[in-house]
Amino acid sequence: MTTTQNATGNSSGFAPVLTRAAEAETTRDPSSVMTLLADSGNTGGRLTSYRSTFAEGAVGAPAHLHTEASEMFYVLGGALQVLVGEEITVLRAGDFLLVPPNIPHAFAAAPGATADVLFVFTPGAGRFDYLRLLGRVMRGEADPQEIKDSSERFDNHYVDSPVWREALAARA
């Protein structure tokens with residue numbers, strides 16, 4: 001792969017990425033809004049980043065892992081309940097979490113709270129298409145089997161977590 005140098009002297013293989021809030025694509029499901037910021041296609045594969053706002057009681061993602069990507073969480077506001085391995089904790093505004101590849105994790109708005117979270121995946125893996133698919137499934141516009149079928153493509157592998165299932169059951 002060759003890289004090109006742009007007018008700013010950048011030889012990284014991609015141009016600077018600027019996403020204005022008013023122009024950012026959003027995708028929604030019944031309990032969250034995801035603002036798509038930068039995907040692997042415009043970052044030279046280096047990262048994917050988006051912002052999610054979760055309504056009170058929203059379940060963000062079931063237990064899963066990534067075999068290639070590290071996932072970073074930065075809580076902008078509210079509180080996010082997270083599973084990392086077998087441990088559950090609550091992240092609050094200003095907290096940062098990095099989950100390396102092959103570590104099961106899950107997340108949801110903390111009980112009684114909303115959450116506003118910046119997510120970054122590195123390397124990126126075309127996750128915007130996954131988020132769009134997830135929104136369609138959550139709205140009943142696509143078959144949930146499509147998510148299972150896309151696990152390798154999007155490096156998103158669902159796993160069973162009795163600890164997380166118990167935590168979610170306790171919320172009900």
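A: A salt bridge is a side-chain nitrogen of Lys or Arg within 4 Å of a carboxyl oxygen of Asp or Glu. By that rule the structure holds 6 salt bridges. The model is predicted: local features need pLDDT of at least 70, side-chain atom pairs count only at pLDDT 80 or more, and totals for chains, interfaces and linings use all residues. Residues are numbered from 1 along each chain as its sequence is written, and side-chain values use heavy atoms, with hydrogens and water left out.

In one of the bridges, the side chains of E25 and R132 meet at 2.6 Å, N to O. Helices (H or I, at least four residues) and strands (E, at least two) are DSSP runs, numbered from the N terminus. E25 is partly exposed at 36% relative accessibility, and R132 is partly exposed at 26%. Here buried means under 20% relative accessible area, exposed over 50%, and partly exposed in between (1.4 Å probe, protein chains only). E25 and R132 also belong to a network of salt bridges that takes in D129 and R153.

Two further pairs can be described. R139 and E141 meet at 3.2 Å, N to O; R139 is partly exposed, with a relative accessible area of 36%, while E141 is exposed, at 53%. R165 and D160 meet at 2.9 Å, N to O. R165 is partly exposed at 48%, and D160 counts as exposed at 57% relative accessibility. Side chains of opposite charge can pair when their charged atoms come close.

Next, the nonpolar packing. A nonpolar core is a set of buried Ala, Val, Leu, Ile, Met, Phe, Trp, Tyr and Cys residues joined through side-chain atoms within 4.5 Å. The largest such core has 29 residues, of which Y50, F54, F73, L80, F107, V117 and F119 touch the most other members. Elements giving two or more residues to this core include β3 (48-54), β5 (70-84) and α1 (127-138). Helix α1 gives the most to this core, with 6 residues.
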